[in-house]
Amino acid sequence: MAELLKHIYTQEFFEKFTGAFQKIVPDFDTSSFFKQIFDPEWPNRELKQRMRHITITLQHHLSHDYTKNIDVLLQVIKQLQKEGIKENSLEYMFLPDFVEYYGMGHYDASILAIEKITQFTSCEFAIRPFLIKYPKKGILQMKKWSQHKHPMVRRLSSEGCRPRLPWAMALPFLKTDPTPILPILEHLKNDTSESVRRSVANNLNDIAKDNPDIVVDLAKKWYKKTKETDWLVKHGCRTLLKQGNTEIMKLFGFGNIQHIKIDTLQILTPKVKIGDVLEFAFQLNNTSDSASKLRLEYSLYYQKANGSLSKKVFKISEKIYPEKSITIINRKQPFKIITTRKFHTGLHQLSIIINGNEFEKYDFELIN
């Protein structure tokens with residue numbers, strides 16, 4: 001994905017950007033800017049490297065006064081908006097990167113800039129170094145932002161303090177003790193914006209990876225209040241559900257499975273070539289006199305380079321299975337080559353999971 005995203009920085013993009021810039025700074029040296037941007041290393045840079053390169057090149061064409069430069073950038077954002085550039089413009093994330101790279105020693109000016117810039121392009125990465133360097137006042141600021149009138153600022157107050165935000169630096173002090181985050185999430189759990197509520201759910205899911213008990217307690221408090229918070233809690237507990245957390249299973253109504261049986265599981269492709277699919281089928285038998293709410297999953301145990309196996313859980317369904325019913329389930333799992341996983345040939349295993357309870361493992365072989 002990053003490979004594709006890095007191509008958003010085209011000649012045409014920079015022409016629009018510098019055109020808007022010249023309306024604010026008429027003597028902005030466009031030809032010098034283009035020459036420095038498209039240097040010999042440009043084709044080899046990945047997305048984040050390109051953003052940082054734009055940041056540094058921009059500074060070369062601005063003054064030595066950080067606060068003046070921030071004022072110019074905020075005026076440029078207004079100009080871009082006048083010219084029809086909408087908020088959430090990913091390609092402009094070098095603007096928050098500028099604040100992160102040059103503004104660490106200017107806390108007040110930088111925080112004010114972040115509050116304004118995030119209404120145009122997200123500052124979820126840029127705020128994190130400030131939280132690490134200034135944890136107390138940084139968290140206080142996030143609490144204030146959680147009650148801001150603009151949804152993108154409210155979203156930042158949650159997204160920016162996620163302990164494990166993907167593609168971003170972790171926040172070790174919040175992984176250890178996430179309690180400073182909780183008042184922020186309390187403010188936002190019933191937010192009118194879906195993107196804000198989704199961020200709260202993702203923050204909960206991050207917290208659950210290091211502090212599951214905190215999320216279990218919150219889930220019990222928040223669940224069954226509104227349709228929106230029910231979705232948020234469920235999404236925020238997705239890791240705990242995959243882990244088969246007993247209390248969370250019970251909270252969502254996934255109970256006893258003593259009357260549930262798995263019959264005749266068959267691995268239909270005992271040898272799978274890399275690039276092909278694993279196919280398996282089994283019979284789910286509900287022998288009970290009453291319907292059962294079941295969360296049905298399967299585990300794949302992937303071969304690692306060192307010969308050990310690494311477990312990954314995949315969802316099949318989450319529904320009510322009628323009393324005295326037999327259901328045939330057939331699934332295919334692709335082993336096509338992707339950038340996020342390297343396959344290793346040899347023994348792999350498959351198991352079925354029902355309401356967090358894992359059944360027998362079955363072997364299959366991955367081959368070239």
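**Buried cysteines and nonpolar cores**

Reader: Is Cys123 buried or exposed?

Author: The model is predicted, with local features requiring pLDDT of at least 70 and side-chain atom pairs 80 or more, while totals for chains, interfaces and linings use all residues. Residues are numbered from 1 along each chain as its sequence is written, and side-chain values use heavy atoms, without hydrogens and water. Cys123 has a relative accessible area of 1%. Since buried means under 20% (exposed over 50%, partly exposed in between; 1.4 Å probe, protein chains only), Cys123 is buried.

Reader: How many disulfides does a search of the whole structure find?

Author: A disulfide requires a pair of cysteine sulfur atoms within 2.5 Å. Across the whole structure, the number found is zero.

Reader: Which cysteine sulfur is nearest to that of Cys123, and which to that of Cys237?

Author: Cys123 takes part in no disulfide, and its nearest cysteine sulfur lies 14 Å away, in Cys161. Cys237 is likewise buried, with a relative accessible area of 1%. Cys237 is also in no disulfide; its nearest cysteine sulfur, 17 Å away, is that of Cys161.

Reader: Which residues have the most contacts inside the largest nonpolar core?

Author: Such a core joins buried Ala, Val, Leu, Ile, Met, Phe, Trp, Tyr and Cys residues through side-chain atoms within 4.5 Å. The largest contains 78 residues. Those with the most contacts inside this core are Tyr9, Phe14, Phe17, Phe21, Leu58, Phe94 and Ile127.

Reader: Which residues are in contact with Phe14, leaving aside its neighbours within four places in sequence?

Author: Contact is counted for heavy atoms within 4.5 Å. With those sequence neighbours set aside, Phe14 touches Tyr9, Phe33, Phe34, Ile37, Phe38, Trp42 and Ile54.

Reader: How many residues does the second core have?

Author: This core is separate, and includes Ile257, Phe282, Ile329 and Ile354. Its residues number 25.
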